Amino acid sequence: VELVESGGGLVQAGGSLRLSCAASGGIFSIGAMGWYRQAPGKQRELVAIVHKNGSTNSADSVKGRFTISRDNAKNTVYLQMNNLKPEDTAVYYCHAAIATMIIRLMFDYWGQGTQVTVSS
């Protein structure tokens, strides 16, 4: 199983970015998908999560600015980030709970991370 992220980059405060994460490789089923982030010197934190039924949860710090969504047909999760702030600067990691065709139990998988930098 592989999670491939895209969409990070450098943006000015107030700008927008859209992150994408596509899962592939012998997938039987995908449960929750989400985005986490880790800033230098800080612990990794949950940004937002979307469950298979489409329900979502997000951190208070991003509510009203970030929107998570998923396309089950494409095994892809998105994070639309608007009104970005310098404190949003971090490496963003995609996460998914995935059961493979061979082992039909849910395991956690992570993307390689994509850098988001917001300048003031």
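Let me start with a term. Contact means heavy atoms within 4.5 Å. Now the ground rules. This is a predicted model, where local features need pLDDT of at least 70, side-chain atom pairs count only at pLDDT 80 or more, and totals for chains, interfaces and linings use all residues. Residues are numbered from 1 along each chain as its sequence is written, and side-chain values use heavy atoms, with hydrogens and water left out.

Take Met106. Which residues is Met106 in contact with, leaving aside its neighbours within four places in sequence? They are Ser29, Ile30, Gly31, Ala97, Ile98 and Ala99. Met106 and Ser29 are 77 residues apart in sequence, but their C-alpha atoms are 8.1 Å apart in space. Where is Met106? It is in the loop between E9 and E10. Those E names are strands: DSSP runs of E, at least two residues each, numbered from the N terminus.

Next, burial. Buried means under 20% relative accessible area, exposed means over 50%, and partly exposed is in between, with a 1.4 Å probe and protein chains only. Met106 has a relative accessible area of 44%, so it is partly exposed.

Now a sheet. Two strands pair if DSSP finds at least two bridges between them. Four strands make an open sheet here, in the order E1-E3-E8-E7, and the pairing is antiparallel. Which strands stand at the edges? Strand E1, residues 2-6, and strand E7, residues 66-71. Each has a single partner strand, so one side of each is left without a neighbour in the sheet. On average, neighbouring strands of this sheet are turned by 15 degrees against each other, direction ignored. That angle is taken between axes, which are lines fitted to C-alpha atoms; in general, angles run from 0 to 180 degrees between N-to-C directions.

Look along E1. Its side chains alternate. Leu3 and Glu5 point to one face and are buried.

E1 pairs with E3 in the antiparallel sense over five bridges. There, Val4 stands opposite Ala22 of E3. E3, residues 17-24, also pairs with E8, residues 76-81, antiparallel over six bridges. On that side, Ala22 has Thr76 as its bridge partner.

On to the disulfide, a pair of cysteine sulfur atoms within 2.5 Å. The whole structure has one. It joins Cys21 to Cys94, with 2.1 Å from S to S. The torsion about the S-S bond is about -80 degrees, so this disulfide is left-handed. Cys21 lies in E3 and Cys94 in strand E9, residues 90-100, so the pair ties together parts that are 73 residues apart in sequence. Are these two cysteines buried or exposed? Both are buried. For Cys21, the relative accessible area is 0%.

Let's move to strand E4. Nine of its twelve residues are buried, so E4 is largely enclosed by the rest of the structure. It pairs with E9, antiparallel, over nine bridges. It pairs with E5 too, antiparallel, over five bridges. Gly34 shows both sides: its bridge partner in E9 is His95, and it stands opposite Ile49 in E5. E4 and E5 form a hairpin with six residues between them. In the turn, Gly41 has a positive phi of about 75 degrees.

Now the core. A nonpolar core is a set of buried Ala, Val, Leu, Ile, Met, Phe, Trp, Tyr and Cys residues joined through side-chain atoms within 4.5 Å. The largest one has 29 residues. Those with the most contacts inside it include Trp35, Phe66 and Tyr92. E9 gives the most to this core, with five residues.

Last, the aromatics. Rings of Phe, Tyr and Trp (its six-membered ring) pair if their centres lie within 6.5 Å; planes under 30 degrees apart count as stacked, over 60 as edge-to-face and the rest as tilted. The whole structure has one aromatic pair. The rings of Tyr36 and Trp110 have centres 5.0 Å apart and planes at 65 degrees, so the pair is edge-to-face. Trp110 is at 38% relative accessibility, so it counts as partly exposed.
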